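Here is a structure to look at for the first time, followed by some questions about how its parts are described.

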Amino acid sequence: MAQALFLVTSVHGAQKANFKDRLRRMVDDGNEIKIVISIFNYDKSQYVTALINELASSFQNHKQAEILQLFDIFYKQRGMKDPDKEADVDLASLNVQKKVVKNHHIEVYSDDNGLVRAELYEVLPQSGLYKLNCYKGSNVSKVIYYNEQKRPVAVTSQVNSNHWTTKFLNQNEAISCCVDQLSGGPMQQYYLSKTSIIQSPEKSVKLSKPVSNLIDDDENTGNVKYVMRDSAVSSYVISDYGNASRYSDLAAFNVSLINQYGGNSDTTVFIDLDDMINFSKYLNRNVIFNY
């Protein structure tokens with residue numbers, strides 16, 4: 001059976017009509033499908049999973065589509081012990097009040113002074129997946145996510161105003177992967193030829209004049225320089241303890257997923273066209289299809 005791999009890196013990508021069309025065609029053609037959702041935010045990842053499951057249920061051969069989230073992948077990997085034990089929260093010492101807000105069943109935990117210290121509720125209504133928001137004052141300082149077995153699978157915490165970290169936990173509650181997200185990174189630069197089929201990034205802006213000291217013949221070759229409009233672009237450092245790998249580039253990490261799950265030369269790989277610029281320097285496959 002032929003195989004196809006779809007890598008989804010955003011909610012927007014999963015909502016694209018072209019993604020849905022290409023997925024439907026691959027399923028209808030009898031391919032064995034893997035869909036890897038590379039989204040660090042648990043809420044968004046679950047939302048995308050729900051979208052794709054709803055779409056796949058309309059396919060005649062929908063059982064051929066397997067969905068893998070990062071949380072599923074890292075839950076089964078080896079890990080290292082967490083010296084901080086961030087998933088340990090003493091709720092028993094707090095007062096609890098149960099309520100329902102917009103179909104969400106919420107447990108509110110407060111201290112004896114009435115200060116809310118934590119809130120536990122379902123990620124999606126009736127999903128069986130829970131998250132615990134932990135507060136410092138009125139701000140969320142940490143979020144712990146739980147699977148259907150009520151076991152913690154990830155902890156997202158704030159280091160400072162510009163630094164958030166997400167720790168993926170395996171079935172032994174050891175850290176299998178750690179993602180550091182830092183805002184305020186350097187501005188990104190892109191050069192595209194006038195005949196390029198790749199679109200410029202959505203948040204980029206075209207420079208009015210080429211920078212001759214970087215590319216001497218810009219005006220002659222037609223290369224056009226773009227920079228990100230927002231200088232506060234997030235940068236990532238990803239430590240994959242299960243595979244003993246470290247990535248300082250989000251694109252390099254995502255390409256490693258492609259190589260891991262679509263490494264077979266007979267596998268047709270689909271990626272989001274919006275990722276093409278950043279992925280291109282790492283892709284060594286002969287054929288990559290976009291959606």
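Q: Which residues of α2 are buried?
A: In this predicted model, the buried residues of helix α2 are Phe19, Leu23, Met26 and Val27. They lie on the same side of α2, because the arc they cover around the axis is only 100°.

Q: What covers the buried residues of α2?
A: The elements that cover them include the strands β1 (3–8), β2 (32–37) and β17 (267–271), together with the helices α1 (11–15) and α3 (42–56).

Q: Which residues are exposed on the other side of α2?
A: Ala17 and Arg25 are exposed there, and exposed stands for a relative accessible area over 50%.

Q: How does the reach of α2 compare with what is expected at 1.5 Å a residue?
A: Helix α2, which runs over residues 17–28 and has 12 residues, reaches 16 Å from its first C-alpha to its last, and this is close to the expected 16 Å. After α2 comes Gly30, which has a positive phi near 85°.

Q: Why is Cys178 called buried?
A: Buried means under 20% relative accessible area, and the relative accessibility of Cys178 is 9%, so Cys178 counts as buried. Cys178 belongs to strand β11, which spans residues 175–185.

Q: Which residues is Cys178 in contact with, leaving aside its neighbours within four places in sequence?
A: Cys178 is in contact with Thr165, Thr166, Lys167, Val237, Ile238, Ser239 and Tyr241, where contact requires heavy atoms within 4.5 Å.

Terms used:
Residues are numbered from 1 along each chain as its sequence is written. This is a predicted model: local features need pLDDT of at least 70, side-chain atom pairs count only at pLDDT 80 or more; totals for chains, interfaces and linings use all residues. Side-chain values use heavy atoms; hydrogens and water are left out. Helices (H or I, at least four residues) and strands (E, at least two) are DSSP runs, numbered from the N terminus. Buried means under 20% relative accessible area, exposed over 50%, partly exposed in between (1.4 Å probe, protein chains only). The expected span of a helix is 1.5 Å times one less than its number of residues. The arc is that of the directions from the helix axis to the C-beta atoms.
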